[in-house]
Amino acid sequence: MSPSASSTAGPAPRFAVVGVPGNRRVALFQDAVRAAGLPAARVVPWLDVLRGEAAFRPGETVRMDSPGEDAEVERLLRAVEDPTRVEGTALWYARFTEAVRAVARAAAAAGAVLLDDPGDVAVLFDKRLCHAVLDGAGVRVPASPTSGAAAPAVRDWADVRERMTAHRMPRAFVKLAHGSSASGVLAVETAGPGRVRATTSVERDPAGRLHNSLRVRRCTTEREVAAIVDTLAPDGLHIERWLPKATQQGRAADLRVVVVAGRATHAVVRTSHSPMTNLHLGGARGSLDDVRAAVEAAGGSWAEALAMCERAAACFPDTLCVGVDLLPATGWRRFAVGEVNAFGDLLPRLTGLPGSGAEGRDTYAAQVAAVLNRARNHRAAATP
């Protein structure tokens, strides 16, 4: 059970959560706070932050959550009226990271404690920067010609083709640098001049505008792929080698591993018939027991796979919780880290891994418990 306020000496943390009121993420976090015997978290809407109206209270512990699933927030961040539109992520990134810095300034002025570091968030929401940080820390990642701030910008499809050829990548993932939830992702395959196809959830309307879809589809001509990439390129693109993934029951598989306070606490297997395993795109949860068995049978180490996720999270030491996308290579013996996500903890009803210290807790309860444990340690250290 999560420690309750009454079982902890001294004042318990008082939470504020910056999020979208009524959103399922906020609701699940509130459930975890109440289950720990604490007062409900005070909700600070992202709309208030964007309007310059957010304020915090002395001593509050401030958690930031996703600004997604709010049409007005999306309009203010991306300047689009239709939230299904793909374009506008560079503007979203600039405005969102400034909003995060505004939260940090307001929290510091009030004497509140922030659980998410603005510098970490800025890196986590730029795939090019995140890739370079992980690579520099010795975390295995897919090879990329766009890693790091010094890499030349990708201007169009011609640049993508040139870099795939130069780096001997006949198959690559082309991603929006500031995208999330597989928005704007193309899994591109080439086989000589003019022989190109891509798998994506992007749909292009008659006016050439791009929209996110819940339907993964295949583009079968280079002209179609080029039209999408050329439209996305002004927002910034990241290219990664497409690593062949291990399979489970004939479906490509990867894992989302949640790391809380430096420890891998939760893991879910995601499987799909398409290269994108995101659950909202038709992916399905697989068997974690089968993954562990396959890894051990192949001579690999499940403990080392989790340790890799913890090393990835350690690149962002001032952020309490991240979600790590762990890519198993064919055969289940080796792994790489695909991405690290600032808001990668939305895994309803999933409880903690055996031996993680989060057994019986969901991802939100694990974070509340970590904050309570941190507060206890702080008080113990301050006691003469």
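**Aromatic rings**

I began with the rule for ring pairs: rings of Phe, Tyr and Trp (its six-membered ring) pair if their centres lie within 6.5 Å, and planes under 30 degrees apart count as stacked, over 60 as edge-to-face and the rest as tilted. By this rule I get 8 aromatic pairs. I looked up Trp92 and Phe125: their ring centres are 5.3 Å apart and their planes stand at 55°, so I noted the pair as tilted. Trp92 belongs to helix H4 (residues 89-110), while Phe125 sits in the loop between helix H5 (118-124) and helix H6 (127-136), so the pair links distant parts of the chain, 33 residues apart. Helices here are DSSP runs (H or I, at least four residues), as are strands (E, at least two), and they are numbered from the N terminus.

A note on the model: it is a predicted one, where local features need pLDDT of at least 70 and side-chain atom pairs count only at pLDDT 80 or more, while totals for chains, interfaces and linings use all residues. Residues are numbered from 1 along each chain as its sequence is written, and side-chain values use heavy atoms, with hydrogens and water left out.

Are Trp92 and Phe125 buried or exposed? Trp92 is buried, with a relative accessible area of 11%, and Phe125 is buried with a relative accessible area of 11%. (Buried means under 20% relative accessible area, exposed over 50%, and partly exposed in between, with a 1.4 Å probe and protein chains only.)

Next I followed Phe125 to Phe343: the ring centres are 5.7 Å apart with planes at 50°, so this pair is tilted. Phe343 lies in the loop between strand S15 (335-341) and helix H11 (363-382), so the pair ties together parts that are 218 residues apart in sequence. Both Phe125 and Phe343 are buried. I also wrote down one aromatic cluster, formed by Trp46, Trp92, Phe96, Phe125 and Phe343.

**Charges over rings**

My rule here: NZ of Lys or CZ of Arg must be within 6 Å of the ring centre and within 35 degrees of the ring normal. The charged end of Arg63 sits over the ring of Phe29, 4.7 Å from its centre. I found Arg171 over the face of Trp242, at 3.7 Å from the ring centre.

**Strands**

Which residues of strand S14 point one way, and which the other? Cys321, Gly323, Asp325 and Leu327 point one way, Val322, Val324, Leu326 and Pro328 the other, and all are buried.

I then looked up its partners (two strands pair if DSSP finds at least two bridges between them). Strand S11 (residues 251-260) pairs with S14 in the antiparallel sense over 6 bridges, and Val258 has Gly323 as its bridge partner in S14. S14 and S15 also run antiparallel, joined by 6 bridges, with Asp325 opposite Glu339 in S15. These two strands form a hairpin with 6 residues between them, and Gly331 in the turn has a positive phi of about 100°.

Strand S5 (residues 171-176) runs antiparallel to S9, joined by 5 bridges, and Lys175 stands opposite His238 in S9.
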